[in-house]
Amino acid sequence: MSAAPIEVRKLSAGYGPTRVLEDVSFSLPAGARLAVLGRNGMGKTTLLASLAGQTRRLDGAIHLNGEDITGMATAARAHKGLGYVPQARWVFPTLTVEENLFVGLKGRPRSALAEAYRMFPRLGERRSHLGARLSGGEQQMLSTARSILGRPTVLLLDEPLEGLAPIICEELMAAFVTLARSGDMTIILVEQRIRSALDFADHVIILERGRIAWMGTPDEVARESQVIERYLGIGGLH
Amino acid sequence: MKRLVLAVLAAAAFQGAALADTVKIGVIGPFSGPFALQGKNFKAGIDAYMAMHGTAIGDDTVEIIYRDVPKADPAQSKALAQELVVKEGVQYLAGFYFTPDAMAAAPLLEQANVPMVIMNAATSAIVTKSPLVVRTSFTIWQTVTPTAQVAFEDGTRKIITVVSDYAPGHDAEKAFQAGFEKAGGTIVEQLRLPMATNDFSPIMQRIKDSGAEGLFVFLPSGPPTLGFVKAYNENGLNKAGIKFYAPGDLTQESDLPALGDAALGLRTTFHYSIAHDSSENTAFVAAARKAIGNPAELSFPSVGAFDGMHVIYKMIEATGGEADAQKAVDAVKGLSWASPRGPVSIDAESRHITQNIYLREVSKAEDGSYINKELRTFEKQGDPGLAAAK
Amino acid sequence: MQSALSVAVDALAYGMVLFVISIGLSVTMGLMRVVNLAHGAFAMIGGYIASYATQMLGIGYAAAILLAVFGTIAIAIPIERLLYRRIYGAPELTQVLMTIGITFMIIGIANYVFGPTLKTIPLPGELRGALDLGFRSIATHRIFAILCGLAVAALLWFLIEKTAFGIKLRASVDNASMAAALGVRTEIIYAASFAVAVGLAALGGVVGAELLPVEPYYALRYMVTFLVVVSVGGAGSIPGALVACLLLGSIDTAGRYWLPEFGEFFFYLSVIVIICLFPRGLLGRRA
Amino acid sequence: MRAGQSTRRVSTDLVGIAVILAAAGIGFLLFPDNLALLTRIIALALLVLSLDLVTGYCGIATLGHAALYGAGSYAAGVAAAHFAISDPLLMTLAGITAGAAAGLVCGLVILRATGLPQLVLSIATVYLFHELANKLSSWTGGSDGLSGISPSPLLGLFAFDLWGRTAFGFGVALLLVVFVLLRILARSPFGMLCRGIKEDPLRIRSMGASPYRALAKMYVISGAVAGAGGALNAISTQVVGLDSLSFTLSAEALVMLVLGGTGSLYGALTGTVLFMLFADFVSAASPFHWLTMVGALLVAIVLFAPKGLYGSISDYLARRRGTA
Amino acid sequence: MSPILEARNLQKAFGGLKVIDDVSLRLEPGDRVALIGPNGAGKTTFVNLVTGNLRSDSGDVLIGGASVTHSGPAERAHRGLVRSFQVTRLFQDMTAEEHLALAILERDGKTHRLAGSYRAMPQVMREIGILLSTLGLGTVAHRKVREIAYGQQRLLEIALALALRPKVLLLDEPAAGVPQSDTGRIEAALADLPADLAVLMIEHDMDLVFRFARRVVVLAAGAIIFDGPPQAVTRDQRVREAYLGSYANVRRAH
């Protein structure tokens, strides 16, 4: 069996002198769907940002498909197969939808853009609109599709559902599930909407003050109600 | 730090003691920046003179100290002049490319007991700022006035004047107008252009539209002259028969290679042409070209500097190397000699140089280089500008 | 009417020359966010190379242009790697200090190597004549400059708007982190953009040499003009720079024609008015 | 604790005054024959201090600050040459007033934009001033310079001798007065407000203050300081040239400021003295190639002391104190 | 009682996307209102419209009955509308004491004084002392902001707002990012706010909302979908839908 798509060893990271992430280790099998949960400010976003190479790493190592990418720059990591959809979506505002997608192609032919339009037909309708003019949901679709076009082996999704209307959330989650089911992509999802996240995931990590406080499966989360009570501040899941 | 201070003090003291028999001459000019070429010409003229006449005058040795004022900057000029006089102990101040720089240093002279020899600055009034100022260059009035005569004698009756909008330009405009109107011609229009003019095409159109038969132009030498002459040709003014009159700043020799064929046939009036035919000039040009390195860089400020050195040498002879500014200046009043530019003399009253002004034409020499070929001589011209100012 | 038309022709020619030289600066300032006061110095280097190549080596005009462009890029790349890289993202004042320092050094070296005289780049026979427009004639090299300007505008527009490089460049400008996360090697994009900007400067230095003659002080003499053009157009915008060049060229030319005494006044006054009305420039990108 | 803090502040001021006096004294002893240079340094130091007020304290980038200095210079010169106001103190007053007025005009224009457009606005302003002075040549002498300025003895006692002792003494006194006033200003409520604006104008607005008004006011103060420097220039040189309101001088002033370090008055003084002495030294040693060396110095400063000389040194000392 | 702050029919769109759609809200002196809503509901935009940091497309804002729709943030602050920022926006190079001094001096119209120091103004020093000790910042009075802990910076934000003696206080997530150890302090500070002050607080932490607020306003997709007592909010069907699947809808009211 080949090496794990992603393996994180004792990762610590932060901004300036403050450590936001402390000693985080985990490893995922191919096609895994990991949900990272935790309250605001517990380090979820920092975890994804440091995997993508956008935060100052203080300690630890990251391996992608068996290769050490710890010291690599963001762009190099992307070429090694890491896809990153940040919380703020970061759609390029002065580029059109099509140009936005083009940036994500990583050298694949232009015809591959059709994949994105198949996944989100709405983007096809708006292909010549500027990024700045899209609604929040469309921006999220664009940001996601843009990353997927580069055929990452590991996809990092940071709160993709934030601020979106329920109907669009469903559309997006459906797309994620399809992606994950296809089996050749490992997805790490950070999400506030716990129910959606648990429905989607097969692995769960809960972060508390930058450390992994709990690790398990969605079923266990549901079973062990004190886990939720303690780390997520939720009275119960019904 | 302390050691450094001591070292500086010691060095200063040593210099003062060791060079007691040396007569120092402080030269202020633009040695860097946009006018560096003219500063280089100062140095070439000075070096040429010293190469030809040696550095010893009696028991004294002449030493030159250069100070850089890259652009007109009276405060800097004054500070440097003061430093030269007091710290370096120079007995003579010389150089001065820009008028304000000379004006700023002039009030120092009497108390400093130092004569000043102007090697370029060309505003008439400078000599009135101190009785210790002597000028060996020219004034705008001096070089421009014969142009008006030439124009009128050509049969040109209607002229448009085009000058850069700064004091020398205004001088040139007035001098030409005075001369031309006195002769009986008419100035149809007077244009003053911003110093930073790059594109002269609109001006050429304006000249055409003015209905003038000829144009008189004065611009600072360098990039603007190139643009102007090219535009004059490209816009068909020469073909249209609009005659071109200018003082020699416009066709200074160092600009001629750049102007190229476009300048051929341009007639200008000036006090000096490198092509002047005399043994003095041949010797001077040879020495100055050697001094400047690249012969193509030689231009008119060098002769002002060369003759300035002649005057200073005469002053040193007269005073025996002692500091006596008034005696030194008195000694050169009325002095006449054969300069590379022709016969010249220092006017006893104004202390300005009386010289021939030549009408020249840009032509090709036998070796293919461009020269200002002298056509006609206006002998013993004084400075009409001083009278005009009064 | 005739004179208005004539002024318009001159304005177009002058504006396009300005455009060819300044557009590279617009790229560095708008896209790379570097206040590059040394831009004129690179244009000057281009001019010197072309002058040397034609005068001393006897190379043809077209070849000299190519040599100037690539020679200048070759000189600029080490400067970019050694010096410019340190000031990407630095405060404006630091960038001003560094690039003025570089300019001073280039001026000093040019003065030392080539001397302080004007240098010309002899035009080939085809560009020497004048074209009769009926109501007036216009020098052929000006038409060449206009064509160069149009070609540069079109090619650069194509490069930036239509090619993969351009899309990646614009993406990097919008959000460098995200571009990197999508696999764009932003530092290579930046170095390439710098090379393009410098190459354009060199091209402008050569093509514009008839109007702005090459001499050591070139680097500072026209610096302000280039800065003004870029900022009025809006840094980083090609159409903006084009509009600004034509507008400022017109104001300058018209001012010189009708009121030469107050030419500078008009020019700078209109700069102030335009910037006060459009603080980001006429067609500026949002920061 | 608080008492200790304020005594420490006052004592840094005293140190500052002592350093200025000592530097003036050393300058006088080291270059007794070069007082004109020292006086020129003082005049420029006033310009650079004035620039520090808007650039260092308020974060406004400008390449047109000589407009304020030149306005002061010409006002003092015109007062003496055309209105027979030859008392140096009155001339200085004229310079300060004109500088402040020019500051108001420039401020109102320059504050209309930020960033690069602001830089260009400042350049355009100084060119307009330059052109204006050139045009009004019957008042200013145009490019020949305004001559005919002969200040009467200072306080009726000290004539402006040609060695420049009086001018130097006057300059030192002027610099001290300005320095002390600026130190007071820096820690006044207004100084605090400006520091706040520099860091975050939006936040200042939400506290109820108007950044535009405050910055315009600072520009007037800055103009007064630059005007004082300009007046000193007119008094000591007795000729005023167009260079005193040129873009070049503005750029040089900015270079000196950034060289020394922005935002601390001391940086402005250090930068001016260092740049002027360096330029004086290398231009005397090699009048033909000194520009290259100045360029190299600038590049070296950016690479090795990015906060300016004073800024980097005081940072280094603070770090050492921190670890000790 | 007449409202001290009133927003009438505010609208704001960014590039065709309506972020705030016809929102009206009244605050009276002494009000303690929590503004909640899912991420991206438009809360921060709403606050920016009220403070004048953003211009609304239509609608009015009134402070004490007078329209300030066309006034900038400075003018609104002078009329008593003061905000704290979600991400701390303090002056990194100034000490805590200087921050408060600046606020007090601005409030009293003294920031344009060119001489003197607040240290020589006993009244100001006393007020600073009181504010610092109330918020437990006495020990960091002379430290620059960049040297003090984040929790203390948040406290300083509140102190700064109070120093302006507001009539209406807008608190944008006062406890966000604050370590557990410091939240108590912040809550205490909130509890001690002057009784006649109207407070509008944006907050995610529902515990804090329930302890603090006497009225809850829920904003979702740019519109107010609930305005009532805290006890009613979790039972409201529209609110539950808006929060579908996220923390709030599964939380029990304590």
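Predicted model: local features only at pLDDT ≥ 70, side-chain atom pairs only at ≥ 80, totals over all residues.

1. Residues are numbered from 1 along each chain as its sequence is written, chains are lettered from A and ligands numbered from 1 in the order in which they are written, and side-chain values use heavy atoms, with hydrogens and water left out.

2. Between chain A and chain C, 23 residues of chain A are in contact with 18 residues of chain C, contact meaning heavy atoms within 4.5 Å. The two chains bury about 1,700 Å², with 65% from carbon and sulfur atoms; buried area here is the accessible area (1.4 Å probe) that two parts lose on being put together, summed over both.

3. The rule finds 1 salt bridge across the interface of chain A and chain C, a salt bridge being a side-chain nitrogen of Lys or Arg within 4 Å of a carboxyl oxygen of Asp or Glu. A:E99 pairs in this way with C:R170, and their closest N and O atoms are 2.8 Å apart. There are also 6 residue pairs in polar contact between chain A and chain C, both residues at pLDDT 80 or more. A polar contact is a pair of N or O atoms within 3.5 Å; within protein, one must be able to donate a hydrogen and the other to accept it, and residues adjacent in sequence count only if both atoms are side-chain atoms.

4. On the side of chain A that touches chain C, two or more residues each come from α2 (74–79), β6 (82–85), α3 (97–103) and α6 (136–149) of chain A, and α2(A) gives the most, with 5 residues. Helices (H or I, at least four residues) and strands (E, at least two) are DSSP runs, numbered from the N terminus. By residue class, this side of chain A holds 12 nonpolar, 6 polar and 5 charged residues, where Ala, Val, Leu, Ile, Met, Phe, Trp, Tyr, Cys and Pro count as nonpolar, Asp, Glu, Lys and Arg as charged, and the others, Gly among them, as polar.

5. For chain D and chain E, 30 residues of chain D are in contact with 36 residues of chain E, and about 3,000 Å² is buried between them, 61% of it on carbon and sulfur atoms. The count here is 3 salt bridges, one of them between D:R203 and E:E157 at 2.8 Å, N to O, and 13 residue pairs are in polar contact, both residues at pLDDT 80 or more. Helices α1 (2–30), α7 (165–187), α8 (189–199), α9 (201–206) and α10 (211–237) of chain D each supply at least two residues of the side that touches chain E, with the largest share, 7 residues, coming from α8(D). That side of chain D divides into 13 nonpolar, 7 polar and 10 charged residues.

6. C:H141 deserves a separate look. It is placed in helix α5 (residues 140–162) of chain C and is buried, with a relative accessible area of 6%, where buried means under 20% relative accessible area, exposed over 50%, and partly exposed in between (1.4 Å probe, protein chains only). The side chain of C:H141 makes a polar contact of 2.5 Å with that of B:E234; leaving aside neighbours within four places in sequence, C:H141 is in contact with B:E234, C:L123, C:L127 and C:E210.

7. Helix α9 (residues 223–234) of chain B is mostly covered, with 12 of its 12 residues buried, among them B:E234. Just after α9(B), B:G236 takes a positive phi of about 75 degrees.

8. Over all chains the count comes to 48 salt bridges. One of them joins A:E115 and A:R151 (3.7 Å, N to O); A:E115 lies in helix α4 (residues 113–119) of chain A and A:R151 in the loop between α6 and β7 (154–158) of chain A, so the pair ties together parts that are 36 residues apart in sequence. A:E115 is partly exposed at 27% relative accessibility, whereas A:R151 is exposed at 55%.

9. In chain B, a salt bridge of 3.5 Å, N to O, pairs B:K364 with B:D261, linking strand β14 (residues 353–364) to the loop between α10 (256–259) and β11 (267–270), 103 residues apart.
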